[in-house]
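Work through the exercises below with the sequence and the 3D view open. Try each task before reading its solution.

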Amino acid sequence: MFYWVMKRIFLGPVLKLLFRPWVKGLDNIPAEGAAIIASNHLSFSDSIFMPLMVRRPVVFLAKSEYFTGTGIKGRLTALFFRLTNQLPMDRSGGAASAASLSAGMEVLNHGGLLGIYPEGTRSPDSKLYRGKVGVARLALQAGVPVIPVAMIGTDKVQPIGKRLPNIRRIGMIFGEPLDFSRYRDQAEDRDIQRKVTDQIMFELMRLSGQEYVDEYAAVVKLRLAGRPPEPVAAAEPLVSPAPAAAGAGSPSGDAGPAEGAGGLRKAEDDGGAAARE
């Protein structure tokens, strides 16, 4: 009820008036049934503007720290996130991340829309970074389509570290649903998870026009902060994702993204679906 009231009566109309969001491809969101909405992540405000324009409720996986704050501010933040369809996502990897993904699976099993940021965190410099395989794992296990969405200009509205937004127009482009049902019986295959994730990231690159960097955004943030990156992720080559030879991004195509996108690499990541930061 709170979600509907804020979206339709209070917050939604004000945001639309101030930021005049433009949208392309909204009809690619199914009117009913489960689906994953996979988005690039430029700003904290992505999770506000995108659900605002989607007719159906969108449940997001948000970083678990938003739900564990102390004091009045921390408790109010946790309450707001729970009331606005957010689920805690543990990004520490391994069993903790797997348990968090199960919450997303529940959303899909009940026919809902699950919002995920495959990059795992906001881009530090407006580039598009390597996706984590949690989005592929969920899509394959649940047997649901993935709708890529490119957020445009939200990094200019609310850059990292800026609390008050700049009033300017933003946009979003929803791509055609990606159907990975042909890989359903290979949902636990690491190579397939990587291939599916890379195809999703290629579509996000194509829709957004962002420069792609084949490295985890979290590793780049650590480096910028002067902290050592994770050895395995830091050793990966920085290349641009290439489309499949035939049918990439097409619901009926059988080919995944080219190996240049890292489709057949076996380097480990935490497998986590992206939670916003």
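Is R190 buried, partly exposed or exposed? R190 is partly exposed, with a relative accessible area of 23%. The classes are buried under 20% relative accessible area, exposed over 50%, and partly exposed in between (1.4 Å probe, protein chains only).

Ground rules come next. This is a predicted model, where local features need pLDDT of at least 70 and side-chain atom pairs count only at pLDDT 80 or more, while totals for chains, interfaces and linings use all residues. Residues are numbered from 1 along each chain as its sequence is written, and side-chain values use heavy atoms, with hydrogens and water left out.

**Exercise 1. Classify the aromatic pairs.**

Task: state how many aromatic pairs there are, and describe the geometry of F19 with F49 and of F60 with Y117.

Solution. 
- Step 1. Apply the rule: rings of Phe, Tyr and Trp (its six-membered ring) pair if their centres lie within 6.5 Å; planes under 30 degrees apart are stacked, over 60 edge-to-face, and the rest tilted. The count comes to 2 aromatic pairs.
- Step 2. Take F19 and F49. Their ring centres are 5.0 Å apart and the planes stand at 75 degrees, so this pair is edge-to-face.
- Step 3. F19 belongs to helix α1 (residues 2-19) and F49 to helix α2 (residues 46-53), so the pair ties together parts 30 residues apart in sequence. F19 is buried at 3% relative accessible area; F49 is buried, also with a value of 3%.
- Step 4. Take F60 and Y117. This pair is stacked, with 5.4 Å centre to centre and 20 degrees between the planes.
- Step 5. F60 sits in strand β3 (residues 58-63), and Y117 in the loop between β5 (113-116) and β6 (128-129), 57 residues apart. F60 is buried at 1% relative accessibility, and Y117 is buried at 0%.

**Exercise 2. Describe how α1 meets α2.**

Task: at what angle do α1 and α2 cross, and which residues make the contact?

Solution. 
- Step 1. Compare the axes, which are lines fitted to C-alpha atoms, for helices over the stretch in contact; angles run from 0 to 180 degrees between N-to-C directions. The axes of α1 and α2 come within 10 Å and cross at roughly 105 degrees.
- Step 2. Name the arrangement: α1 is roughly perpendicular to α2. The classes are roughly parallel under 35 degrees, roughly antiparallel over 145, roughly perpendicular from 65 to 115, and oblique for the rest.
- Step 3. List the residues. α1 contributes Y3, K7, G12, L15, K16 and F19, and α2 contributes I48, F49, P51, L52 and M53.
- Step 4. Sort them: 8 are nonpolar, 1 is polar and 2 are charged. Here Ala, Val, Leu, Ile, Met, Phe, Trp, Tyr, Cys and Pro count as nonpolar, Asp, Glu, Lys and Arg as charged, and the others, Gly among them, as polar.

**Exercise 3. Follow α5 to α7.**

Task: how many residues of α5 are buried, and which residues form the contact of α5 with α7?

Solution. 
- Step 1. Check burial. In helix α5 (residues 134-142), 8 of the 9 residues are buried, so α5 is largely enclosed by the rest of the structure.
- Step 2. List the contact. V135, A136, R137 and L140 come from α5; R190, I192, Q193, V196, T197 and I200 come from α7.
- Step 3. Sort by class: 6 nonpolar, 2 polar and 2 charged.
- Step 4. Return to R190, which is found in helix α7 (residues 190-208).

Definitions and conventions: Helices (H or I, at least four residues) and strands (E, at least two) are DSSP runs, numbered from the N terminus. Contact means heavy atoms within 4.5 Å.
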